[in-house]
Amino acid sequence: MVSATDRPLASVIIPNWNGAHHLPVCLGALQGQTYPHVEVILVDNGSTDGSQTLVTEQYPEVRLLALDRNLGLTGGNNAGFRAAKGNILISLNNDTEAHPHFVEELVAALMEHPEAGMAAAKMLLYDRRDHIHSAGDGYGVDGIPFNRGVWQRDEGQFDEPGWIFGGCGGAVAYRRAMLDDVGLFDESFFMYCEDVDLNWRAQLAGWRCWYAPASVVYHKLSATGGGPIASYHTGRNTLWVIAKNYPGAMLRKHRSRVLRAQWDITHDALRAWRGEAARARLRGQMAGLLGWAKMLSKRRAIQSARRVPDEYIESLLTRVGNG
């Protein structure tokens, strides 16, 4: 735990769009945090459901940052990061309930590991609290990101802290110095895989991620997204992550796995084309390819600023999927 004499300010940023029904649980849990030095910022993306009034009237301790339109998870988080006063910036979904030690454990992780730019929490399902949603982010050599432990019963298999690829953006702490170095979320992503992209940029620049399993949140999975929206943005942004970040030599080495993984997604979507989500996934893949060139200009800046060799990056990746 962080000592009483060394307690940096932690800023918890919560993007919100028409999520008033989630906010009492989310904000109420943050009132019960054991860490004493917290500011909570709710970034409202132009909600029309009374979210702003609820926060103003019932949670006066929360800083309300009211935007005039929906900038998505990326723009909402970035606005909160810019407005925050803390040197530790915690991104938290609005459809979560944080355990009382959630903030304290994330702060302790970053204080104890100065080489870490990120600290990832353990996310459990809100309605099945013995099942895992995410024990941090993993990434396959086939170019497919995944939540570690997703859908598994929590039997202690992810209770060991340690270094991982990155944190799930629904419950993760970032060191401000890292964000100053590598940049904020890419707002062109809008939502989905923006955390994977940031994990990549951080790792390429030499910032590591510590998994802190004693920091726990309960997540109402897909309560504010999912379905065709998730399918489209995931299909598009998965390709954009590869275009921006996957090192060239590694991509050539594993291109058969990467291409096969994308073909499998396309094939599955074509088989289920009558479903709205399947058609959205295909549209997302097409948008990802059409936007590939735009991502290459960003790629040049990212790759030119990298500080670690391919061998280190490859050691972080998992050989999942095909081949």
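What share of the contacts in the chain with a separation of 6 or more is accounted for by residues 24 or more positions apart? In this predicted model, such pairs account for 79% of those contacts. The chain has 11 helices and 12 strands, and its radius of gyration is 19 Å, close to the 20 Å that the globule rule gives for 323 residues, so it is as compact as a globular protein of that length.

**Overall dimensions and surface**

- Taken along the principal axes, the C-alpha atoms of the chain fill a box of roughly 50 × 45 × 40 Å.
- Of the 323 residues in the chain, 56% are buried.

**Helix 2 and its two sides**

- In helix 2, which runs over residues 51–58, the buried residues are S51, L54 and V55; they cover an arc of only 95 degrees around the axis, which puts them on the same side of the helix.
- T56 and E57, by contrast, are exposed and lie on the other side of helix 2.
- The buried residues of helix 2 pack against two strands that flank helix 1 in the numbering, namely strand 1 (10–16) and strand 2 (38–45), as well as against helix 1 (23–31) itself and strand 3 (63–67).

**Helix 9 and its cover**

- Helix 9 comprises 15 residues, 276–290, and reaches 21 Å from its first C-alpha to its last, which is close to the 21 Å expected at 1.5 Å a residue.
- The buried residues of this helix are A278, A280, G284, Q285, A287 and G288, and what covers them includes helix 7 (227–245), helix 8 (248–271) and helix 10 (292–304).

**G76 in helix 3**

- G76 has its place in helix 3, which spans residues 72–83, and it is buried, with a relative accessible area of 0%.
- When residues up to four places away in sequence are not counted, G76 touches I13, V43, N45, L67 and L71.
- Although G76 and N16 are 60 residues apart in sequence, their C-alpha atoms are 7.7 Å apart in space.

**T238 in helix 7**

- T238, found in helix 7, is buried, with a relative accessible area of 4%.
- The side chain of T238 reaches the backbone oxygen of T234 at a distance of 2.7 Å.
- Leaving aside residues up to four places away in sequence, T238 touches G143, I144, P145, C193, H233 and Q262.

- The phi of C193 is near 70 degrees, a positive value in a residue other than glycine, and C193 is buried, with a relative accessible area of 9%.
- W151 is likewise not a glycine and has a positive phi, here of about 75 degrees; its place is in the loop between strand 9 (145–147) and strand 10 (162–164).

How values were computed:
Residues numbered from 1 in each chain as written. Predicted model: local features only at pLDDT ≥ 70, side-chain atom pairs only at ≥ 80, totals over all residues. Heavy atoms only, no water. Helix = DSSP H or I, 4+ residues; strand = E, 2+ residues; numbered from the N terminus. Buried < 20%, exposed > 50% of the residue type's maximum accessible area, 1.4 Å probe, protein only. Arc of directions from axis to C-beta. Contact = heavy atoms within 4.5 Å. Expected span 1.5 Å × (residues − 1). Rg over C-alpha atoms; globule rule 2.2 N^0.38 Å. Polar contact = N/O pair within 3.5 Å; in protein donor to acceptor, adjacent residues only side chain to side chain.
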